[in-house]
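Me: I want to learn to read the local features of a model. Can we go through them one at a time?

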Amino acid sequence: MKNRHWIMGIVFSFVASLVSCGGGGSTTSQMVSTLAGSAGVLGALNGTGSTASFYTPFGITTDGTYLYVADTGNSTIREIVIATGLVTTLTGTAGVPGSTDGPLATARFYTPCGVVTYGGNVYVADTGNSTIREIVISTGTVSTLAGSPTVTGSADGTGSAALFSLPYGITTDGTNLYVADTGNSTIRKIVISTGTVSTLAGSPTVTGSTDGTGAAASFYHPAGITVFGTTLYVADTGNSTIREINLATGQVSTLAGSAGSSGSTDGTGTGARFNQPTGIVTDGTGTYLWVTDTGNSTIRRLTILSGDVMTVAGIAGALGSDNGPLISASFYRPTGITLYSPRFFISDTLNSIIRVIQ
């Protein structure tokens, strides 16, 4: 198995290199608070609120009762009761990476980065293993849906015949999974019922920012991905842009930001600037996208119809863990973001805490 620290370095190269792994609209009454973990305290402790600890959590998702967190540094999947802030380890063992399928207690993961939940299952982009895993909560079992552990590649196919390269973001429309295959700079589609994988957009290992259809389009290490209706939205991290993909046609276009030009400017379309955005989620109405602008340590809001981008929380370049009103709150390289209206939940990665905007 590859050295764990080497894998963590690759994972963090998409985020840590930034230093040189109903509630659409914001109001002045909204506040930022910490749901779980203690800023700067790394660990794997279960507990309630600040007594729990994480190790650089990345992806986050919710079923409305629980949050599920890819606790990347620990190679585990954590579960948080939203109502109480109680944190437990759902599966995986902290500090023991691997690729074992089976019961929750004995399954192993390798620096997982992405999670999404649907129909009582949790799907995981197991980044270090370059696989997509399925957790069936009702039976307490983990299996590998697609990919082959530690074997990287870009082959389309079914189950273990398909290959990925450091997949990061994952989302679902209930029938298919969509994966930001970060190392390949492509967007992949998996039919959940069969495990059949195809490449939806981009061309393996070809990096760029070209808009176009299918393989004619190019990305640069995309990380975040979300779906609403027949449109996929992608945080194209290396390009510092937000892209959209029409699922009916495969057409890729740039919604906001300018490829190769990073910054923190609020504005419209190509007039706005991001700094390696990582997480993205819709507001559930198709009106707004919320983005963790990781390099700026801010939370941005994008109006889909107009392309208007505004900063709603955090101050660009001001690293910290301050809670309070949106305008004065601070983050430290946030990555994952999810919504259970009217609250947004954020993996504040380098603080190793889970934050809430409500």
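Reply: Start with salt bridges. A salt bridge is a side-chain nitrogen of Lys or Arg within 4 Å of a carboxyl oxygen of Asp or Glu. Keep in mind that this is a predicted model. Here Arg188 forms a salt bridge with Asp181, and the closest N and O atoms are 2.7 Å apart.

Me: Are Arg188 and Asp181 buried or exposed?

Reply: Buried means under 20% relative accessible area. Arg188 counts as buried because its relative accessibility is 1%. Asp181 is at 0%, so Asp181 is buried too.

Me: How many salt bridges does a search of the whole structure find?

Reply: The search finds 10 salt bridges. One of the arginines to look at is Arg300.

Me: Which residues form a salt bridge with Arg300?

Reply: Asp266 forms one, with the closest N and O atoms 3.0 Å apart. Asp266 sits in the loop between strand E21 (251-256) and strand E22 (267-268), and Arg300 in strand E25, so this pair ties together parts that are 34 residues apart in sequence. Asp293 also forms a salt bridge with Arg300, and there the closest N and O atoms are 2.7 Å apart.

Me: How does accessibility read for these residues?

Reply: Take them in turn. Arg300 is buried, at a relative accessible area of 0%. Asp293 is buried, also with a value of 0%. Asp266 counts as partly exposed, because its relative accessibility is 38%.

Me: Which residues are linked in a network of salt bridges?

Reply: Asp101, Asp126 and Arg133 are linked in such a network.

Me: What does the side chain of Arg243 reach?

Reply: The Arg243 side chain reaches the backbone oxygen of Ser218 at 3.1 Å. Arg243 lies in strand E20, residues 241-246. With a relative accessibility of 1%, Arg243 counts as buried.

Me: Now the backbone. Which residues have a positive phi without being glycine?

Reply: Thr56 is one of them, with a phi of about 50°. Ser297 is another, with phi near 55°.

Me: Where are Thr56 and Ser297 found?

Reply: Look at the loops. Thr56 is in the loop between strand E2 (47-48) and strand E3 (60-62). Ser297 is in the loop between strand E24 (288-293) and strand E25 (298-303). Next, check accessibility. Thr56 is buried, with a relative accessible area of 7%. Ser297 is buried as well, at 0% relative accessibility.

Me: How many bridges join E12 to E16?

Reply: There are 2 bridges between E12 and strand E16 (residues 196-201), and the two run antiparallel. Thr158 stands opposite Thr196 in E16.

Key
Residues numbered from 1 in each chain as written. Predicted model: local features only at pLDDT ≥ 70, side-chain atom pairs only at ≥ 80, totals over all residues. Heavy atoms only, no water. Helix = DSSP H or I, 4+ residues; strand = E, 2+ residues; numbered from the N terminus. Buried < 20%, exposed > 50% of the residue type's maximum accessible area, 1.4 Å probe, protein only. Polar contact = N/O pair within 3.5 Å; in protein donor to acceptor, adjacent residues only side chain to side chain. Pairing = 2+ DSSP bridges.
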